[in-house]
Amino acid sequence: MSSAPHIDLNDGTRIPQLGFGVFQIPASEVAVAVGCAIEAGYRLIDTAAAYGNEEGVGRAVADSGVARHELYITTKLWNVDQGYDKTLRAFDESLAKLGLDAIDLYLIHWPVPGRDLYVDTWKAFEKILDEGRTRSIGVSNFTVDHLQRLAQESPVVPVVNQIELHPGLIQTELRTYGTEHRIVTEAWSPIGQGKGLLDDDTVTTMARAHHRSPAQVVLRWHVQLGNVVIPKSVNPDRIRENLAVFDFELSDVEMETLTQLAPVGRLGPDPETFEAP
Ligand code: NDP
């Protein structure tokens, strides 16, 4: 069984560096996938209210036989629930669906700057944190502008910013801001959604040289950069493969080669404009 090391967060807690993402895993399948991931050694599970599968995640956690304090559960507040009172209600619903007394990390899923509610939402997050119903609070898809605004309005610094990040979108500005302000960068779609990136000649050649898969090479690049990563898979072999990245190393040259791959841009929405639904 593999396991991921932990990374220190700015509030004194720690997060596993590699976790299991469950976006697009149907509610009917998620408990099996999460059960497989926990058995393989994953301890961080990343879900969201919008994924519609929190209940299945909770069931897998309850059935896992792994002590609750060894697991790290993240969920996210959906866009329509932003605002102080709605956030408090939405959090109660997520907690009930997960069947937990508390979660480890609660994230604002998207900033939705057009509605300008993320500061009020963050105030509700602070209350939930004070009540001990989440151990940490953070954000997702925030740009530097959004993070700076939050810093002006609140003394509580997000522990992480979960953003789209892979060798086709290296997010230098946000990673630098995160390092300077002790906000850990967590990468979503870390293997580029399993498409073009994993067929790139540079990536496949490097993978062959290490006797690893292309996905493992890309995940190792993240790990050496200091990112937290949350690859998704419903395939048991790939679930295990994606966690087995802590027993080999990329050279400085290989790291730089991956960083310099041709940019492909965003695979997902633009945080400045994404509101839906
Ligand atoms: P990923 O980069 O994790 O790619 C997942 C895809 O790659 C799936 O199609 C999967 O197929 C395939 N795959 C997985 N492992 C391998 C492998 N070893 N070799 C080849 N193909 C592989 O993309 P996601 O978009 O799913 O992102 C991961 C997680 O990030 C999400 O599940 C979610 O938790 C989070 N996320 C957060 C967002 C946010 O706004 N905060 C937005 C999007 C994602 P298969 O399942 O068949 O193995």
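User: Which residues in α1 and α9 meet?

Analyst: This is a predicted model. In it, A33, C36, A37 and A40 of α1 meet P236, I239, R240 and L243 of α9.

User: Left-handed or right-handed crossing?

Analyst: The α1 and α9 crossing is right-handed.

User: Now α7 and α8. How do their axes cross?

Analyst: At roughly 95°. The axes of α7 (residues 201-210) and α8 (residues 214-225) come within 8 Å. So α7 is roughly perpendicular to α8.

User: What meets what there, α7 to α8?

Analyst: From α7, the residues are V203, T204, M206 and A207. From α8, they are P214, V217 and V218. That contact divides into six nonpolar residues, one polar and no charged.

User: Switching to loops. Where is P111?

Analyst: P111 sits in the loop between β6 and α4.

User: Is P111 buried or exposed?

Analyst: Buried. Its relative accessible area is 0%, so P111 falls under the 20% cut-off.

User: What does P111 touch, leaving out residues up to four places away in sequence?

Analyst: P111 touches Q82, Y118, S140, N141, F142, H146 and P271.

User: How far is P111 from T134?

Analyst: The two are 23 residues apart in sequence. In space, P111 and T134 are 20 Å apart, C-alpha to C-alpha.

User: V112 is in the loop between β6 and α4. What is its phi?

Analyst: Near 45°, a positive value in a residue other than glycine. Most residues other than glycine have a negative phi. V112 counts as buried, at 2% relative accessibility.

User: What about phi of Q24?

Analyst: Also positive, near 70°. Q24 lies in the loop between β3 (20-21) and α1.

User: Buried or exposed, Q24?

Analyst: Exposed. Q24 has a relative accessible area of 63%, so it passes the 50% cut-off.

User: Next, T143. Where does it sit?

Analyst: T143 is in the loop between β7 (134-140) and α5 (144-153). It counts as buried, at 15% relative accessibility.

User: Which side chain does the T143 side chain make a polar contact with?

Analyst: The side chain of H146, at 3.0 Å.

User: And its contacts beyond four places in sequence?

Analyst: T143 is in contact with L174, P271 and E272.

User: Last one, N161. Which strand is N161 in?

Analyst: N161 lies in strand β8 (residues 160-164). At 3% relative accessibility, N161 counts as buried.

User: What else is N161 in contact with, leaving aside neighbours within four places?

Analyst: Besides N141, the list has V139, S140, F142, L147, L174, I183, V184, T185 and E186. L174 is in contact with T143 too.

Notes. Residues are numbered from 1 along each chain as its sequence is written. This is a predicted model: local features need pLDDT of at least 70, side-chain atom pairs count only at pLDDT 80 or more; totals for chains, interfaces and linings use all residues. Side-chain values use heavy atoms; hydrogens and water are left out. A crossing is left-handed if the near helix is turned anticlockwise from the far one by less than a right angle, and right-handed if clockwise. Helices (H or I, at least four residues) and strands (E, at least two) are DSSP runs, numbered from the N terminus. Contact means heavy atoms within 4.5 Å. Buried means under 20% relative accessible area, exposed over 50%, partly exposed in between (1.4 Å probe, protein chains only). A polar contact is a pair of N or O atoms within 3.5 Å; within protein, one must be able to donate a hydrogen and the other to accept it, and residues adjacent in sequence count only if both atoms are side-chain atoms. Axes are lines fitted to C-alpha atoms, for helices over the stretch in contact, and angles run from 0 to 180 degrees between N-to-C directions. Angles under 35 degrees count as roughly parallel, over 145 as roughly antiparallel, 65 to 115 as roughly perpendicular and the rest as oblique. Ala, Val, Leu, Ile, Met, Phe, Trp, Tyr, Cys and Pro count as nonpolar, Asp, Glu, Lys and Arg as charged, and the others, Gly among them, as polar.
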